[in-house]
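Welcome, and thanks for taking a look at this one with me. Below are some notes to read beside the picture.

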Amino acid sequence: MSIAGLVDRFGITLYVFRPTATTNADGEVGLKFDSVLQTKGFVQPSTQTSEVAQGRELGRTTVTIYFSGTVDVRIDDEIHYASTGTARTWRVSGIVNPGEVGTSGAAAHLNMTVVECQEIAAQPRITL
């Protein structure tokens, strides 16, 4: 089954949030996340780490998310499974569009965006 077929059949609605630097009245620098995209993607868990620090398990799940076509996703963006709440949140660590890799004569069936992410525990991002 093609990636487009997987996204169409098993894909879920995902929300992309982009960080921007902000400063408050005290001059403290922070990050503000703005909603930039709502699209359908297929999420495939990749690995599970089982790191232990100070007797506490700090496991992280890495996922690969597939999107049909070219999608505007950047490193350090956050991808959420829900527009509000903390259902699932992933931070983008890598992106590739196989149709753009190599020569310009790449096959059209490779026109997809493949995003590598790590699951994080994030505060809910409220969209108004």
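1. A term to begin with: a salt bridge is a side-chain nitrogen of Lys or Arg within 4 Å of a carboxyl oxygen of Asp or Glu. Arg-18 and Asp-77 form one, with their closest N and O atoms 2.9 Å apart. The pair links distant parts of the chain, since Arg-18 belongs to strand E1 and Asp-77 to the loop between E5 and E6, 59 residues apart. Helices (H or I, at least four residues) and strands (E, at least two) are DSSP runs, numbered from the N terminus.

2. A word on the source. This is a predicted model, in which local features need pLDDT of at least 70 and side-chain atom pairs count only at pLDDT 80 or more, while totals for chains, interfaces and linings use all residues. Residues are numbered from 1 along each chain as its sequence is written, and side-chain values use heavy atoms, with hydrogens and water left out.

3. Now the overall layout. The protein chain has one helix and eight strands, and along the sequence they follow the pattern α-β-β-β-β-β-β-β-β. Of its 128 residues, 30% count as buried; buried means under 20% relative accessible area, exposed over 50%, and partly exposed in between (1.4 Å probe, protein chains only). The accessible surface of the protein chain comes to about 8000 Å², and 50% of that belongs to carbon and sulfur atoms. These areas come from the Shrake-Rupley method with a 1.4 Å probe; for residues, only the protein chains shown count as cover.

4. Back to the charged residues. How many salt bridges does a search of the whole structure find? The search finds six. One of them joins the side chains of Asp-72 and Arg-18, at 3.4 Å from N to O. Asp-72 lies in the loop between strand E5 (61-68) and strand E6 (78-80) and Arg-18 in strand E1 (residues 12-23), so this pair ties together parts that are 54 residues apart in sequence. Arg-74 also forms a salt bridge with Asp-72, the closest N and O atoms being 3.5 Å apart. Together, Arg-18, Asp-72, Arg-74 and Asp-77 are linked in a network of salt bridges.

5. Asp-72 is partly exposed, with a relative accessible area of 44%, and Arg-74 is partly exposed at 45%.

6. A polar atom of its side chain lies 2.9 Å from the backbone nitrogen of Arg-74. Leaving aside neighbours within four places in sequence, Asp-77 is in contact (heavy atoms within 4.5 Å) with several residues, including Val-16, Pro-19, Trp-90 and Val-92.

7. Next, the nonpolar interior. A nonpolar core is a set of buried Ala, Val, Leu, Ile, Met, Phe, Trp, Tyr and Cys residues joined through side-chain atoms within 4.5 Å. The largest one has 12 residues, among them Leu-14, Val-16, Phe-67, Val-71, Trp-90 and Cys-117. E1, E5, strand E7 (89-96) and strand E8 (112-119) are the elements that give two or more residues to this core, and E5 supplies the largest share, three residues. Val-71, a member of this core, is in contact with Leu-37, Thr-39 and Thr-113, leaving aside its neighbours within four places in sequence. A second, separate core of six residues includes Ile-3, Leu-6, Val-7 and Met-112.

8. Helix H1 (residues 3-10) has Ile-3, Leu-6 and Val-7 as its buried residues. Seen down the axis of H1, these fall within an arc of 95°, so they line one face of the helix; the arc is that of the directions from the helix axis to the C-beta atoms. The face of H1 turned away from the buried side carries the exposed residues Asp-8 and Arg-9.

9. Finally, please find Val-43, which sits in strand E2 (residues 29-48). Val-43 and Val-7 are 36 residues apart in sequence and 8.9 Å apart in space, C-alpha to C-alpha. Beyond neighbours within four places in sequence, Val-43 is in contact with Ile-12, Leu-14, Val-63, Thr-64, Ile-65 and Trp-90. For the chain as a whole, residues 24 or more positions apart account for 57% of the contacts with a separation of 6 or more.

Definitions and conventions: A polar contact is a pair of N or O atoms within 3.5 Å; within protein, one must be able to donate a hydrogen and the other to accept it, and residues adjacent in sequence count only if both atoms are side-chain atoms.
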